[in-house]
Amino acid sequence: STSAQSMILTNMTFNTLNYIDPDTGEICPELATSWENVDGDNSVWEIKLVENAVFHTGEKFTAEDVKFTFEYVSPQAGNVVKSLAVAKEVESMEIVNDYTIRFKLTRPMPDFPSYLETKMYSKKAFDTMGAEEAGVIGTGPYYFDKELTQSGAQFACSRFDDYWEGIEEHPTEHIVFKVIADENTRIAALEIGELDFIIDVSASAYSTLEDISDVEIQTRSGANSYYLGFNYTKDYMKDLEVRTALTQAINKEDITNVAFVNGIGGVVSENFCVASAAGYAEVNPIAYNADKAKATLEAKGITSKKLVLATYPSNVPIAEVVQANLAAIGVEVVVKQVDLANWSAFKSAKQDYDLFIDYCAYQGALMYNFDRFFSSEGSSNLYGYSNAEYDKMQAYVLDASTYEEMVERFGELQQWVATNIPISPLVVKTQIAATKEDVKGFKLIPSKNYFDFSTVYIPARN
């Protein structure tokens with residue numbers, strides 16, 4: 001699943017082959033000990049694995065499980081909601097021995113190791129159990145605890161005492177996540193000690209939490225990148241001068257101040273690639289210039305049009321700021337709300353809107369998000385963008401002979417996107433969480449999706 005709840009749980013119950021450190025961008029080992037470009041042209045990669053990892057069933061983790069996982073979560077198999085995109089680039093997998101697997105790819109990929117941040121399934125579990133039961137079995141420090149889980153009310157995990165890396169960093173035996181829809185109720189429960197931490201806190205609740213004496217607030221710039229999108233079936237949206245002017249017309253500080261509570265809930269974004277992502281580079285953005293935007297949009301006849309700006313309810317505050325910014329230079333904008341359940345279908349239809357507000361949960365391998373949003377056949381390119389120059393730039397990045405060269409070229413691509421604005425980045429949302437002051441070890445980790453509770457503990461209880 002792609003839900004936050006599933007990610008929060010599986011961050012604790014599964015391991016990946018490797019992961020990308022959000023502070024350094026470095027690819028770090030987890031279940032893999034090394035990865036080697038064995039033929040020199042980046043089309044054959046040999047992955048060596050740890051030899052002491054075990055699943056929650058007690059079965060050893062081996063190369064068979066890696067092969068099974070890549071096959072099971074591939075787009076071709078159709079087994080999971082969020083398939084592993086890189087699996088389609090795997091021509092074959094050879095198990096060299098129990099702890100070595102060799103991938104033969106359909107094309108050279110110097111960034112292939114950055115795609116190994118996927119959670120490993122147990123082949124034997126799927127061979128002997130139903131998919132629902134087998135699908136929760138991992139090698140992580142905690143296991144999904146059905147006994148402590150109540151449908152619709154709470155889900156839970158308990159410590160796996162035979163965890164292969166040891167339990168010293170994981171002193172808490174049971175962690176329960178209660179489902180409380182109303183934020184005010186969550187805050188009240190935290191204040192009286194019914195909860196030890198609350199997550200995904202809104203910026204508007206920040207000041208309330210500051211007034212609670214025994215509560216600590218944690219923040220970190222996250223991975224949710226909000227942007228202004230364009231409907232490319234409208235000929236005037238294909239005009240770079242129009243997109244540039246629309247970008248110049250928007251004061252992003254207004255968005256962070258109004259929609260994100262004086263910058264508490266988000267920071268201005270100038271780059272579609274977020275700062276915590278692998279290969280992030282500083283870019284020279286298109287600066288706010290309302291006078292220049294007005295002159296261009298008048299000359300292009302946009303001020304004579306009524307533009308429809310579509311979004312779903314949670315993004316309406318952002319849309320209203322954009323609406324006000326454009327109204328200030330003579331562009332009339334109507335905000336159209338679309339139910340979230342129908343959003344993707346509405347956007348894909350490309351009929352009843354000119355502009356839209358959406359976000360990208362930016363994560364994963366170097367080129368994953370740029371490819372899916374900007375290439376003509378990208379899975380998240382639902383708004384009709386197609387540009388031969390972009391495709392050429394993407395191919396230039398992918399044709400690099402080393403990962404280091406690829407990172408350098410990716411920086412050039414980031415600047416190209418910032419200049420040519422297939423979409424216009426606005427804000428990166430800030431992660432906000434609150435804990436009781438005696439809670440230790442809680443981590444905000446954008447690259448591992450949402451949060452990691454696996455090292456949380458309360459000294460007085462341990």
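**Strands, a buried Phe and a helix pair**

Mentor: To begin with a single pair in this predicted model, Cys157 stands opposite Ile175 in strand S9.

Trainee: And which strand is joined to S9, and by how many bridges?

Mentor: Strand S8, residues 154–159, is joined to S9 by five bridges, and the two strands run antiparallel.

Trainee: Which residues of S9 are on the covered face, and which on the uncovered one?

Mentor: In S9, which spans residues 174–178, Ile175 and Phe177 make up the covered face, while His174, Val176 and Lys178 make up the uncovered one. In a regular strand, side chains alternate between the two faces of the sheet.

Trainee: Switching topic, is Phe68 buried or exposed?

Mentor: Phe68, which is found in helix H2, residues 63–72, counts as buried because its relative accessibility is 14%, and the cut-off for buried is under 20%.

Trainee: What is Phe68 in contact with, leaving aside its neighbours within four places in sequence?

Mentor: Phe68 is then in contact with Tyr121, Ser122, Lys123 and Phe126. The C-alpha atom of Phe68 is also separated by 9.5 Å from that of Lys124, although these two residues are 56 residues apart along the chain.

Trainee: Okay, now helices H13 and H14: at what angle do their axes cross?

Mentor: The axes of H13, residues 388–398, and H14, residues 403–420, cross at roughly 165° and come within 8 Å. That angle is over 145 degrees, so H13 is roughly antiparallel to H14, and H13 passes H14 in a left-handed crossing.

Trainee: Which residues meet there?

Mentor: Among them are Tyr390, Met393 and Val397 in H13, and Phe410, Leu413 and Trp416 in H14. The residues of this contact divide into ten nonpolar, one polar and three charged.

Conventions:
Residues numbered from 1 in each chain as written. Predicted model: local features only at pLDDT ≥ 70, side-chain atom pairs only at ≥ 80, totals over all residues. Heavy atoms only, no water. Axes fitted to C-alpha atoms, helices over the stretch in contact; angles between N-to-C directions. Helix = DSSP H or I, 4+ residues; strand = E, 2+ residues; numbered from the N terminus. Parallel < 35°, antiparallel > 145°, perpendicular 65-115°, else oblique. Left-handed = near helix turned anticlockwise from the far one by under 90°. Contact = heavy atoms within 4.5 Å. Nonpolar A, V, L, I, M, F, W, Y, C, P; charged D, E, K, R; others polar. Buried < 20%, exposed > 50% of the residue type's maximum accessible area, 1.4 Å probe, protein only. Pairing = 2+ DSSP bridges.
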